[in-house]
Structure formats: structure tokens, C-alpha cells
Amino acid sequence: MQERLPISDAESLALRAEPPRDDADELTPWQLGHRVLADQRFNHAVEHRGLTVHDSELHGFTWSGGVVLRGCVFRDVVLDRVAFTAVRFEDVVFERCRLDTVQLVDCDLVRCRFVDCDMALITASRVRFTDAQFSAVRGDSWTLRECALLGCRIDECTLLALRAAKSTIDALDVRGGALRSAEFTLDTIGALRVADAVVQRLRVVGGELGAVTLTAVEADDLSLSTAQIDALTLERCPTVVNLRVLDARLRALTITACPQVLGLIVHACTLAQLSF
């Protein structure tokens, strides 16, 4: 394994403020590999196009000041105690990375992909995720506050303790994997679709929800309370245990081809339509 060396002054300058350009003064792709960047604060406006960071480590790093990353790749990178403020990520890929204690504030992530990553203690405030994809990600303790998720997908991920509060989700698709101890509080959700997954200890408190659909899901301990819900649909779920809908306004509850529905409670709700 190649030794990882501290980033040089020239590389630091290129990353912070002066990325390489061609003879026509256009930004050019470049690579930064086998480097360690520790305890530095970058706050210059800068744009990178086609930057690839690989086999490197970022520790105690802060990046702000109007940063734009377009078509960049982070591969086999450790991001530990890293903070991004007002950074725009566009078509950025994180592959086989480890993100631990990462904070995003006032950022935009557009068509970004997270593939085979370990992501723990992720905090996002006023962040907009547009067409983001998470694939084979192992996540623990994500907190989203006043965020927007637009057209996002979560495929074959294992997520523990996802918390979303006062956020807007137009459509979120979760396929495969597991969703455990998730909480949605005072969110506005257009469509939440979960299929072929394990869902345990899900809490939805308050907020407005359009269509919530669970398909072929192993569901245990789900609670939806004080929320306004257009339609809650469960179909082809092998087991549904301890589903509780409490003090909610629910237009339609539909349960189809679910052989074991145990401990269903609908209490103090306004329910217009119930179908089994």
C-alpha cells in the first residue's frame, strides 16, 4: 500500500483557490491521491471540474466560502470531522468512502451518488438533495433539519437512526436493505415508497404525508401519530407487527395480501376508507 503523505503547499493552494487551467484558461480535471489533509480551514470561492480525490484522508477539515464541485469523484477517501458550508456538489460521486462526523450546512447536492460507503454521524441543515442516489451504503445516525429531498433513491442500504425534521420530501424511494429506528417529525412528504426491505421502529410524528406505500416489507413497530396522511398502503408484506396509527387524519388505509398483520391499532383517527 502506498504511503499517504501530508498535502503539499502547491496541492493545498490548488485545492483551496487555484485549480489547474489549460492554455485557454479553462478548468481542467486533476487528481489528488495518497494525501492527508488535517486541521485546515478553506474559505475561498473556488470551482473544481473533474477533480478526483482517491486513497486520501481529510481530518478536521472545513470548506466554505462559495465552493462548487462539478463532476468530481471521491474514491477510497476518509472524511472525518469535516464540515461543508454553502458548497454546491453537482454530479459528484463518493465511492467506497468513510464519512464520520460530517456536517453540511446550506449546501446543494445535485445528481450526487454515494456508493458502498460507510456514513456515520451525518448532520445536514438546510441542505437540498436533488436526484441523489445512495447504493449499498451503511449509515448510522443521520440528522436532517429543514432539508429538501427531491427525487432521491436509497437502494440496498442499511440505515440506523435516520432523523428528518421539518423537511420537505417530494418523493423518496427505498428499495432493499433495512431501515431501523427512523423518525420523521413535522415533515411534508409527497410520496414515501419502501419495497423489499426490513423496516423496524419507524416513527412519523406530525406533518403532512401524501402516499406512503410499503411493498413486500418485513415491518415491525411502526407508529404514525398526529399526522395528516392521504393514503397508507401495505401490500404483499409477509409480516406487519405493531402498526399504530394514532390521532391522525387518514384518508385511506389499504392492506392487501399481507398474511400476518398483528397488533394493528387505529385510535382517535379520522379515517375515510379502510380496505383489507
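In this predicted model, A86 is partly exposed, with a relative accessible area of 37%. The residue sits in the loop that separates β9 (73-85) from β10 (87-90). Although A86 is not a glycine, its phi is positive, at about 55°.

A second residue with this backbone feature is H34, whose phi is near 55°, again a positive value in a residue other than glycine. H34 is placed in the loop between β2 and β3. Its side of the accessibility scale is the buried one, with a relative accessible area of 15%.

**Overall description**

The protein chain has 276 residues, of which 49% count as buried. Its secondary structure comprises 1 helix and 32 strands. The C-alpha trace spans about 65 × 35 × 30 Å along its principal axes. The accessible surface amounts to about 12,400 Å², and carbon and sulfur atoms account for 48% of that area. Among contacts between residues at least 6 apart in sequence, 7% join residues at least 24 apart. The chain carries 30 positive and 39 negative charges, and the mean positions of these two sets are 4 Å apart.

**The helix and its surroundings**

Helix α1 covers residues 9-16, and within it E11, S12, A14 and L15 are buried. These four residues lie on the same side of α1, because they cover an arc of only 160° around the axis. An α-helix has 3.6 residues a turn, so residues three or four places apart point the same way. D9 and A10 are exposed on the other side of α1.

Which strands do the buried residues of α1 pack against? They pack against β2 (30-33), β3 (35-38), β4 (41-42), β5 (46-49), β6 (51-59) and β7 (62-63). Strand β6 also holds H54, which counts as buried at 17% relative accessibility. Leaving out residues up to four places away in sequence, H54 touches Q31, L32, G33 and H34, and also R75, D76 and V77.

**Aromatic pairs**

The aromatic pairs in the model number 9. In one of them, F114 and F134 have ring centres 4.8 Å apart and planes at 5°, so the pair is stacked. F114 belongs to strand β14 (residues 113-115) and F134 to strand β17 (residues 133-135), so this pair ties together parts that are 20 residues apart in sequence. Both F114 and F134 are buried.

F134 also pairs with W142: the ring centres are 5.6 Å apart and the planes are at 45°, so this pair is tilted. F134 counts as buried at 8% relative accessibility, and W142 likewise counts as buried at 8%. Ring pairs link F74, F84, F89, F94, F114, F134 and W142 into a cluster.

**A161 and S181**

A161 lies in strand β20 (residues 152-165) and is buried, with a relative accessible area of 14%. Leaving aside neighbours within four places in sequence, A161 is in contact with D140, S141, W142, R180 and S181. One of these contacts, W142, is a member of the aromatic cluster described above. The C-alpha atoms of A161 and R249 are separated by 26 Å, and the two residues are 88 residues apart along the chain.

S181 is found in the loop between β21 (168-180) and β22 (183-185). Is S181 buried or exposed? S181 is buried, with a relative accessible area of 17%. Not counting residues up to four places away in sequence, S181 touches L160, A161, L162 and R163, together with Q200 and R201.

**Summary of accessibility**

The table collects relative accessible areas for residues discussed above.

| Residue | Relative accessible area | Class |
|---|---|---|
| A86 | 37% | partly exposed |
| H34 | 15% | buried |
| F134 | 8% | buried |
| W142 | 8% | buried |
| A161 | 14% | buried |
| S181 | 17% | buried |

Key:
Residues numbered from 1 in each chain as written. Predicted model: local features only at pLDDT ≥ 70, side-chain atom pairs only at ≥ 80, totals over all residues. Heavy atoms only, no water. Helix = DSSP H or I, 4+ residues; strand = E, 2+ residues; numbered from the N terminus. Buried < 20%, exposed > 50% of the residue type's maximum accessible area, 1.4 Å probe, protein only. Contact = heavy atoms within 4.5 Å. Areas by Shrake-Rupley, 256 points an atom, 1.4 Å probe, with all protein chains shown as cover. Lys, Arg positive; Asp, Glu negative; His and termini not counted. Charge placed at Lys NZ, Arg CZ, Asp CG, Glu CD. Arc of directions from axis to C-beta. Phe/Tyr/Trp six-rings, centres within 6.5 Å; stacked < 30°, edge-to-face > 60°.
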